[in-house]
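The sequence and the structure come first.

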Amino acid sequence: MRSNRLLGANLVENNLIKLEDLEKANERLFELVETGTGREASILAILIQEDEVLTEDELLAFLVEEQGLGLIDLADVDTPDEMKEVISADACWSTWTVPFDKEGDFYYIATSYYLSPAVREYWENEFDGHVIWYGTTMDSIVGFLERFENEQLLRTTAEG
């Protein structure tokens, strides 16, 4: 909830959405949380997919132009096995963020929630501040995590 709240506040602060849009999306978010639909409990998904007051293209352009982030499509990323050991699908789903590679002490992380300080703080604490951030779409995150969860399931089945 904190990551959603802070993301929403920063979207308003950066004039990407209006305060009224955020208030309406927050009401919907609380409904989703109450019904227990975990993956759908995303303020960004509500603003983009349901209310259509923001597009991912606008958000990604802001991340590139104003925040200096690079962009990545996770569809073609081949995550090293050592990274698969540190990925928590639950943490990734709740933050709309995935660590996808590592070089030396630096972790490469893709997110749709970069404007949420809570998300950045969580992942930077996980990896001792050695993080290189990339922006990505929600669909890219979903595809990556679904592939990751399927691989984990297959691995568990093969081991069991």
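## Ser116

The model is predicted. Ser116 sits in the loop that joins β3 (106-111) to α7 (117-126). Its relative accessibility is 0%, so Ser116 counts as buried, the cut-off for that class being under 20%.

The side chain of Ser116 comes to 2.9 Å from the backbone oxygen of Ser3. When neighbours within four places in sequence are set aside, the contacts of Ser116 are Arg2, Ser3, Leu6 and Leu7.

## Helix α2

Helix α2 spans residues 19-35, 17 residues in total. From its first C-alpha to its last it reaches 25 Å, close to the 24 Å expected at 1.5 Å a residue.

Which residues of α2 are buried? Leu22, Ala25, Leu29 and Leu32 are buried in α2. They cover an arc of only 80° around the axis, and therefore lie on the same side of α2. The buried residues of α2 pack against α1 (2-13) and α3 (43-50). On the face of α2 turned away from its buried side are the exposed residues Glu20, Lys24, Glu27, Glu34 and Thr35. Gly36 follows α2 and has a positive phi, near 80°.

## Positive phi outside glycine

Asn15 is not a glycine, yet its phi is positive, about 60°. This residue belongs to the loop between α1 and α2. Is Asn15 buried or exposed? Asn15 counts as exposed because its relative accessibility is 68%, and the exposed class begins over 50%.

Trp96 is a residue other than glycine and has a positive phi near 50°. Its place is the loop between α6 (89-95) and β2 (97-103). With a relative accessibility of 6%, Trp96 counts as buried.

Ile141 is part of helix α8, which runs over residues 138-159. Its relative accessibility is 0%, so Ile141 counts as buried.

Along the chain, Ile141 and Trp96 are 45 residues apart, while their C-alpha atoms are separated by 6.7 Å. With neighbours within four places in sequence left aside, Ile141 is in contact with Leu74, Trp96, Thr97, Val98, Ala110, Thr111, Ser112 and Thr136. Trp96, one of these contacts, is the buried loop residue with positive phi described above.

Key:
Residues numbered from 1 in each chain as written. Predicted model: local features only at pLDDT ≥ 70, side-chain atom pairs only at ≥ 80, totals over all residues. Heavy atoms only, no water. Helix = DSSP H or I, 4+ residues; strand = E, 2+ residues; numbered from the N terminus. Buried < 20%, exposed > 50% of the residue type's maximum accessible area, 1.4 Å probe, protein only. Polar contact = N/O pair within 3.5 Å; in protein donor to acceptor, adjacent residues only side chain to side chain. Contact = heavy atoms within 4.5 Å. Expected span 1.5 Å × (residues − 1). Arc of directions from axis to C-beta.
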